[in-house]
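Please look at the model below before reading on. The notes that follow are set out as numbered points.

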Amino acid sequence: RDRWPSKSDPSGRSRSESSRASMSPRCRCGECAGCLATECGTCRECLDRPRLGGKGVRKKLCRRRKCQNPQHAGRIQVAGTAVSSASPLPLDAMLSQLLQQARAHLS
């Protein structure tokens, strides 16, 4: 039996190449039940907080507050559609589009 795993996965890419794609930074959506929940104060992550008597070593989010719809870091949500931060729309066009959507929503 081989002690050390090979440095490539079945697709032929190296382990570092295949893991880079899955390690893209994620941001919270801010709209799901997890993002809107309050801290429970009873899970392991909450009990580690200094204000609750913990050492503050874990620095993790409360288990109840885990986002169920994480977004890619380079993307933002605009009226339900994802827009890349490198969007081809100029800033003026994007702002006018947002204003039109807001006016339509308010009327």
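1. A salt bridge here is a side-chain nitrogen of Lys or Arg within 4 Å of a carboxyl oxygen of Asp or Glu. Side chains of opposite charge can pair when their charged atoms come close. The structure holds four such salt bridges, and several of the points below return to them.

2. On the source: this is a predicted model, in which local features need pLDDT of at least 70 and side-chain atom pairs count only at pLDDT 80 or more, while totals for chains, interfaces and linings use all residues. Residues are numbered from 1 along each chain as its sequence is written, and side-chain values use heavy atoms, with hydrogens and water left out.

3. Confidence is given as pLDDT, the predictor's confidence in each residue, from 0 to 100. The mean for the protein is 76, and 63% of its residues reach 70 or more. Confidence is lowest in helix α1 (residues 15-22), with a mean of 52, and highest in α3, at 94. Where pLDDT is low, the predicted coordinates should not be read in detail.

4. Which elements does the protein have, and how many of each? There are four helices and four strands, where helices (H or I, at least four residues) and strands (E, at least two) are DSSP runs numbered from the N terminus. Along the sequence they follow the pattern α-β-α-α-β-β-β-α.

5. For burial, the cut-offs are under 20% relative accessible area for buried, over 50% for exposed, and partly exposed in between (1.4 Å probe, protein chains only). By this rule, buried residues make up 18% of the 107 residues. The accessible surface of the protein is about 8,900 Å², and 55% of that surface belongs to carbon and sulfur atoms. These areas come from the Shrake-Rupley method with a 1.4 Å probe; for residues, only the protein chains shown count as cover.

6. Contact means heavy atoms within 4.5 Å. Of the contacts with a separation of 6 or more, 37% are accounted for by residues 24 or more positions apart.

7. R49 deserves a point to itself. R49 forms a salt bridge with E39, the closest N and O atoms being 3.8 Å apart. R49 lies in the loop between α3 and β2 and E39 in the loop between α2 (33-36) and α3, so the pair ties together parts that are 10 residues apart in sequence. Is R49 buried or exposed? At 16% relative accessibility, R49 counts as buried, while E39 is partly exposed at 30%. A network of salt bridges links E39, R49 and R51.

8. The side chain of R49 also has backbone oxygens around it. One of its polar atoms lies 3.4 Å from the backbone oxygen of E45, and a polar atom of the R49 side chain lies 3.0 Å from the backbone oxygen of K60. A polar contact is a pair of N or O atoms within 3.5 Å; within protein, one must be able to donate a hydrogen and the other to accept it, and residues adjacent in sequence count only if both atoms are side-chain atoms. Not counting residues up to four places away in sequence, R49 touches E39, G54, K60, L61 and C62.

9. E45 should be read together with R58 and R63. R58 forms a salt bridge with E45, with the closest N and O atoms 2.9 Å apart. Because R58 lies in the loop between α3 and β2 and E45 in helix α3, the pair ties together parts that are 13 residues apart in sequence. The side chains of E45 and R63 also meet in a salt bridge, at 2.9 Å from N to O. R63 lies in the loop between α3 and β2, so this pair ties together parts that are 18 residues apart in sequence. E45 is buried, with a relative accessible area of 8%; R58 is partly exposed at 31%, and R63 is exposed at 54%.

10. N69 lies in the loop between α3 (44-47) and β2 (71-72) and is partly exposed, with a relative accessible area of 41%. What is N69 in contact with, leaving aside its neighbours within four places in sequence? The residues are C29 and C32. The C-alpha atoms of N69 and R28, 41 residues apart along the chain, are separated by 7.2 Å.

11. L91, L95 and L98 make a nonpolar surface patch of about 280 Å². Patches are made of residues with over 30% relative accessible area and no salt bridge: like charges are joined within 9 Å, nonpolar side chains (Val, Leu, Ile, Met, Phe, Trp, Tyr) within 5 Å. L91 lies in helix α4 (residues 91-106) and counts as exposed, at 59% relative accessibility.
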